[in-house]
Structure formats: C-alpha cells, structure tokens
Amino acid sequence: MIYSVYIINKAGGLIYDEDFSWTKHTEEHTWQEHPIPLVFTGDTGRVLVKFGELGTIKPGYSVIAVNRQPVTGTMGPTERPIVEMINDPECYPLSLTFGKGKVGANEKLMLASMFHSLFAISSKISPIEGSSGIQQLITDEFSLDCFQTITGVKFFVIVDHKQTACEPLLHRIYELYTDFVLKNPFYLIDMPIRCDLFDQNLKRVIEQVERASAYSSATLA
C-alpha cells in the first residue's frame with residue numbers, strides 16, 4: 001500500500017504532497033458507557049490517542065468521525081469539543097472512528113525540511129565517496145523510499161512493507177513530473193506544483209501499482 005508521495009526541491013522546500021490511504025485503514029468502536037480505555041489529547045489541532053491500545057489503534061491515531069459523522073479538527077459534529085464529549089458520561093453511548101488522519105500542512109513542511117537535512121547529512125558522513133544519500137528508511141510499520149534527480153529534486157514515497165518495486169514507481173513519478181510539470185509553460189521551477197494532469201496521472205499510476213502489488217501478494221499466498 002502506498003501512503004504518501006512527496007516532492008522536495010533542491011533547497012529543501014516542499015513543492016508537492018499527496019496522501020492516498022489516510023481513510024483506507026479505519027476502525028470504529030462504540031462504547032455504551034464511560035470511560036474509554038484510551039487517553040486522548042487535542043493539543044495538535046486533532047484529537048489523537050496519547051496512551052493506550054485497542055485493536056489496531058495505537059498512540060498517534062486520530063479521531064476522524066464521531067457517531068459516524070466525519071470530523072477534521074478537535075470539534076465534534078455538534079460544535080462541542082470531542083475530548084469534552086469523551087469525558088462526559090452523558091454523551092454515551094458514543095461511537096468513535098479512528099484512522100491515521102491526514103498530516104497537517106505545517107507538519108508536512110517540517111517533514112520535508114527534516115528529510116532534506118538528513119539526506120545531506122547522510123551524504124556527508126558516508127564512508128563511501130560520492131554517496132547519493134538516503135535511498136530507503138525502514139521502520140516497524142512502513143518504509144520511506146527516495147529518488148534524487150541530478151538537479152537535486154527529491155521524490156519519496158511512504159509505503160507499507162507489502163509494497164514492492166518502489167524504485168520503478170519513483171522513476172515513473174519522475175517521468176510524470178517531467179511530462180506534465182516541467183513541460184507546462186506556466187510552471188515556475190521549484191515552486192509548488194498545481195497541475196491537474198499531473199494529479200490525475202499520478203493517481204492512475206498509484207492505483208496500477210497497488211493492484212499489481214496486491215495481485216503479486218495474492219499469488220504468493
């Protein structure tokens with residue numbers, strides 16, 4: 001599964017980002033009475049699980065719906081704070097839907113800047129002369145794969161461990177970038193990408209790659 005695609009210019013600025021699966025992994029729970037065996041925080045502009053685990057829900061997951069009505073911030077569907085509803089016994093039974101939630105714009109800018117710095121540092125500290133920098137970062141639950149062009153533009157994707165062939169995917173995204181962005185006479189180099197044709201074709205490529213990966217996994221199973 002492909003979670004996100006990012007493009008960073010040579011100066012470390014985020015010029016494109018897209019989330020593809022923030023609603024694919026959701027889990028709903030209904031509690032008949034207070035309390036809920038999870039601790040929440042609303043300090044980041046979203047209601048996040050701070051402590052506790054329940055099923056696949058872990059710290060960092062956010063509340064994306066209350067009583068099956070979508071929410072995007074800290075307020076519930078009745079304009080009452082979600083955390084306040086969770087802590088009020090009068091609001092039960094209460095249904096909450098959890099997901100990873102979309103990363104905020106400021107968080108994405110910070111992520112791009114940090115990755116750009118780590119990429120540069122890894123190139124400097126590498127014992128091998130001419131190191132190209134970070135190509136892959138692997139965690140327990142996902143991996144980050146990166147491709148840097150000769151002009152310094154970085155393309156990276158965040159995928160789960162079942163997703164294979166990330167290098168061809170990155171090169172395909174680069175081809176879309178050259179075809180639909182760089183050849184656009186109205187596009188200014190290193191500026192944020194606003195191109196419908198690029199968006200549409202990127203979405204089509206992501207769907208094709210995910211279908212191919214799912215078929216491969218089913219065949220191996």
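Modeller: The protein has four helices and 11 strands. This is a predicted model, where local features need pLDDT of at least 70 and side-chain atom pairs count only at pLDDT 80 or more, while totals for chains, interfaces and linings use all residues. Residues are numbered from 1 along each chain as its sequence is written, and side-chain values use heavy atoms, leaving out hydrogens and water.

Colleague: What makes a stretch a helix or a strand here?

Modeller: Both are DSSP runs, numbered from the N terminus: helices are H or I with at least four residues, strands E with at least two. Strand S1, for example, covers residues 2-8.

Colleague: Why are S1 and S11 called paired?

Modeller: Pairing asks for at least two bridges found by DSSP. S1 and S11 (residues 154-159) have six, in the antiparallel sense, so they count as a pair. Ile8 stands opposite Lys154 in S11.

Colleague: Which order do the strands of the open sheet follow?

Modeller: The order is S2-S1-S11-S10-S9, with antiparallel pairing.

Colleague: Why do S2 and S9 stand at the edges?

Modeller: S2 (14-19) and S9 (136-138) each have a single partner strand, so one side of each lacks a neighbour in the sheet.

Colleague: What share of the residues is buried?

Modeller: Buried means under 20% relative accessible area, with a 1.4 Å probe and protein chains only. Of the 221 residues in the protein, 40% are buried.

Key:
Buried < 20%, exposed > 50% of the residue type's maximum accessible area, 1.4 Å probe, protein only.
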